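This report describes selected features of a two-chain structure. The sequence and the model are shown first.

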Amino acid sequence: MLGYLACFISGLVLGTAAVSLVSRKKKPLQEPPPPTPIPEVEESARKQEDVKALEEFFLTVRNVAEIVEKVLEETLVEIRGSTEKWIEAVEQMVEGTQGGIAQLKTTITAIVSREEEETDDLLDKSRKSATQIVDTSRAAVSRFTECSDQFLGIIQELRESRFRDFKLQVEKVLRQSNILALNAGIEAARLGAAGRGLGVIAREIQKLNKMVDESLDAIEDLVESLESRLQEFSETLEVTAQDSVKAIEQGERVLEDSLAELDQRVDSIASALSGVGGKLDEVAGNLGAVVEVFQYQDIVSQKLGNMQGVVRELSEVLDEALASLSRSEFANVREELLGRIQKLYTTQSERRHHEDATGQECVDEKRVGQVISELGENVELF
Amino acid sequence: MSRRVLAVDDSATVRSSLKLVLQKAGYEPVLAADGEEALFRVQESREKFHLIITDLNMPKMNGIELIKTVRLLPGYRFTPILMLTTESQAEKKMEGKKAGATGWIVKPFTPGQLISVIQKILR
């Protein structure tokens, strides 16, 4: 295959298969026939044109690889950042809850060992308020473990489905473009001075392919380590949640036993229960962290999907180039391919990376509605 | 009586987030995973929704098509509809505006921000 490709590119650059080129050079009948070119001059011009087409083709491949590399790099930062935020929020909660449980146990022990008078009305009132706290705490434990499971689910889905498909697609393109870059490098060496530009681009593609490959490995390693860290974390959380439930249940039992005693005891337990439940509730209801993390996971997943589309488009172009092996497959690819992949982006940053890599204007973020400063720059009302 | 909000997004995590934010702020959220399901929710519901929040890119029926269809239903001509999406292209925003969207929020959003926008347009 490699030898065949090398022969092809060699033949291509030397202009042996340039039928379309000949037909394009036909002139209208009215005009006088062009002077017969000197064969050496014609061959040299054709050679230059072919080299230019190849250079443009490889430049396009390089640009697309750059876009993918940048988006992958950004994705890595987003996965890491949002996961760290989540872990930090949960760590604080675990620490707080464990402190709360210890406090609750101390309170229960202290209360059980004391004897005091009772007042029916106050007891009844306190019982109601404590029962409410117990219910809230149980709901918080359940909501919190649900959030935690969901987060682990997102990471697993990212690794097992979205990322695996993406990786396979990228690996295919890396193989295809490496073969082409290798052959272009050989050809560039044969052409000497004329092939200098082509050689530079071919080497850059190989470098960039290596970077994309490394980014893929880095994301895979990160997602794997996050998953195992989250698994461990999930186990700790499970224990904390179980401890909380046990502590709450124990508090509830003491509460029942205390009904014949003073409201002060009930209030103390209720207050300690509230501490544990409150901590759990704080994290389960810590909307800022949860909502932000969930959105970033969604955006990351969307970007991987978009990049998979970009890589698929590139792969099709490479397939065509490798299969038909005609110069026309290399010419005019740039505009068509870049136009197609522009339509796949859904985020502002993808368009920015496209603009940076290709020099083509892609970002159009003019205001359409009214921006109200107190609502934020990302909100427009029509 | 709490106000009913229909939240439409194909991402389960975004739906969960919206549910949490809306419930916490005292709204009654109803969720749908795409435009078709949202349309079904609107048509099957006896009570009218006070607000619809929708994503743009979704399978089956996208956000723009959903708005166009909803606007033709009795009682929904002036119902506020917010687009909540990662898209920030002027061309797309213009499409949304023409279809009848009330506002456009680019993700990521903060819970406080979303609630402020809702309060402003439902005022």
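The text below treats the interface, the salt bridges, the helix packing and the backbone of this structure in turn. The model is predicted.

**Interface of the two chains**

The interface between the chains involves 35 residues of chain B, which are in contact with 32 residues of chain A. Together, chain B and chain A bury about 3000 Å², of which 60% lies on carbon and sulfur atoms. In a salt bridge between the chains, the side chain of A:Arg351 meets that of B:Glu87, at 2.9 Å from N to O.

**Salt bridges**

Over all chains, the count of salt bridges comes to 13. Among them is the pair formed by the side chains of A:Lys303 and A:Glu74, with an N to O distance of 2.6 Å. A:Lys303 belongs to helix α7 (residues 287-324) of chain A and A:Glu74 to helix α3 (residues 39-112) of chain A, so this pair ties together parts that are 229 residues apart in sequence.

| Helix pair | Angle between axes | Axis separation |
|---|---|---|
| α3(B) and α4(B) | about 15° | 9 Å |
| α1(B) and α5(B) | roughly 60° | within 10 Å |

Helix α3 of chain B spans residues 63-71, and helix α4 of chain B spans residues 90-99. Angles under 35 degrees count as roughly parallel, and α3(B) and α4(B) are therefore roughly parallel to each other. The crossing in which α3(B) passes α4(B) is left-handed. From α3(B), the contact is made by B:Ile64, B:Ile67, B:Lys68 and B:Arg71, and from α4(B) by B:Lys92, B:Glu95, B:Gly96 and B:Ala99. By class, the residues of the contact of α3(B) with α4(B) comprise 3 nonpolar, 1 polar and 4 charged.

The second pair joins helix α1 (residues 12-24) of chain B to α5 (111-122) of chain B. With their axes crossing at roughly 60°, α1(B) and α5(B) are therefore oblique to each other. The crossing of α1(B) and α5(B) is right-handed. On the α1(B) side, B:Leu18, B:Val21 and B:Leu22 meet B:Pro111, B:Leu114, B:Ile115 and B:Ile118 of α5(B). The contact of α1(B) with α5(B) has 7 nonpolar residues, with no polar and no charged residues.

**Backbone features in chain B**

Most residues other than glycine have a negative phi, and most peptide bonds are trans. Two sites in loops of chain B are described against this background. At B:Lys60, a residue other than glycine, phi is positive, near 65°. This residue, B:Lys60, is placed in the loop between β3 (51-54) and α3 of chain B. The peptide bond from B:Lys107 to B:Pro108 is cis, and its omega is near 0°. B:Pro108 is located in the loop that lies between β5 (103-106) and α5 (111-122) of chain B.

Notes: Residues are numbered from 1 along each chain as its sequence is written. Chains are lettered from A and ligands numbered from 1 in the order in which they are written. This is a predicted model: local features need pLDDT of at least 70, side-chain atom pairs count only at pLDDT 80 or more; totals for chains, interfaces and linings use all residues. Side-chain values use heavy atoms; hydrogens and water are left out. Axes are lines fitted to C-alpha atoms, for helices over the stretch in contact, and angles run from 0 to 180 degrees between N-to-C directions. Helices (H or I, at least four residues) and strands (E, at least two) are DSSP runs, numbered from the N terminus. Angles under 35 degrees count as roughly parallel, over 145 as roughly antiparallel, 65 to 115 as roughly perpendicular and the rest as oblique. A crossing is left-handed if the near helix is turned anticlockwise from the far one by less than a right angle, and right-handed if clockwise. Contact means heavy atoms within 4.5 Å. Ala, Val, Leu, Ile, Met, Phe, Trp, Tyr, Cys and Pro count as nonpolar, Asp, Glu, Lys and Arg as charged, and the others, Gly among them, as polar. Buried area is the accessible area (1.4 Å probe) that two parts lose on being put together, summed over both. A salt bridge is a side-chain nitrogen of Lys or Arg within 4 Å of a carboxyl oxygen of Asp or Glu.
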